[in-house]
Amino acid sequence: MDIAKILKPEAVRVLAGMTSKKRLFQDLGEVAAAVYGLTPGVAVDGLLERESLGPTGVGHGIALPHARLEGLDRIVGVFVRLEKPMDFDSVDRQPVDLIFTLFAPKDSGVEHLKALALISRTMRDPGVCAKLRANAQASTLYAILTENRPQAAA
């Protein structure tokens, strides 16, 4: 599995003026609807439902919100870089500016976990995060995220 199979170039965005997690999730739902044909409200509800179980802010300015949805036939992703970091109730209490969101089919147990592990490994790489934060063009962000890197165990 690689990120290019999960993430389309048009699902990478740079956003300004995010003030709340709910507003961010609405924007993520709209991107997922435009790029992958998801129903925006269903996507947002899935993200909010998962977030109610515990925050998906994993630390170091990174969040990995995700949801399992009915009617989806494969795992898809949306990546957002925020111009201004926002509070996300992260484990380290630091604001978040890099958000990689996954939407998976409701019954995608192992595949969902593999995709989440892949994204987590990629986003834990300080070099990748530094490059993402240093660029504000969606096409460059996509290239950074999909660049081939050596695979390590999760």
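A search of the whole structure finds 2 aromatic pairs. Rings of Phe, Tyr and Trp (its six-membered ring) are paired if their centres lie within 6.5 Å; planes under 30 degrees apart count as stacked, over 60 as edge-to-face and the rest as tilted. One of the pairs joins F25 and F88, with ring centres 6.2 Å apart and planes at 75 degrees, so it is edge-to-face. This pair links distant parts of the chain, 63 residues apart. F25 is in helix α2 (residues 21-36), and F88 is in the loop between β5 and β6. Both F25 and F88 are buried. Buried means under 20% relative accessible area, exposed over 50%, and partly exposed in between (1.4 Å probe, protein chains only). Helices (H or I, at least four residues) and strands (E, at least two) are DSSP runs, numbered from the N terminus.

The model is predicted: local features need pLDDT of at least 70, side-chain atom pairs count only at pLDDT 80 or more, and totals for chains, interfaces and linings use all residues. Residues are numbered from 1 along each chain as its sequence is written, and side-chain values use heavy atoms, with hydrogens and water left out.

Strand β6 spans residues 96-105. Of its 10 residues, 10 are buried, so β6 is largely enclosed by the rest of the structure. Its pairings were then examined; two strands pair if DSSP finds at least two bridges between them. Strand β3 (residues 62-63) pairs with β6 in the parallel sense over 2 bridges. Here I62 stands opposite L98. Strand β4 (residues 66-69) also pairs with β6 in the parallel sense, over 4 bridges. A67 has F103 of β6 as its bridge partner. Strand β5 (residues 76-86) runs antiparallel to β6, and 7 bridges join the two. In this pairing, V80 stands opposite I99.

Strand β5 is itself mostly covered, with 8 of its 11 residues buried. β5 also pairs with strand β1 (residues 7-15), in the parallel sense and over 5 bridges. G77 in β5 is the bridge partner of L7.

Two residues of helix α4 were considered next. H112 lies in α4, which covers residues 109-124. Its relative accessibility is 3%, so H112 counts as buried. Contact means heavy atoms within 4.5 Å. Not counting residues up to four places away in sequence, H112 touches H66, R68, I75 and A104. R124 is also placed in helix α4. R124 is exposed, with a relative accessible area of 56%. The C-alpha atoms of R124 and V58 are 9.4 Å apart in space, while the two residues are 66 apart in sequence.

Helix α5 (residues 126-134) and helix α6 (residues 138-146) have axes that come within 9 Å and cross at roughly 175 degrees. That makes α5 roughly antiparallel to α6. Axes are lines fitted to C-alpha atoms, for helices over the stretch in contact, and angles run from 0 to 180 degrees between N-to-C directions. Angles under 35 degrees count as roughly parallel, over 145 as roughly antiparallel, 65 to 115 as roughly perpendicular and the rest as oblique. V128, K131 and L132 of α5 meet L141, I144 and L145 of α6. The residues of this contact divide into 5 nonpolar, no polar and 1 charged. Ala, Val, Leu, Ile, Met, Phe, Trp, Tyr, Cys and Pro count as nonpolar, Asp, Glu, Lys and Arg as charged, and the others, Gly among them, as polar.
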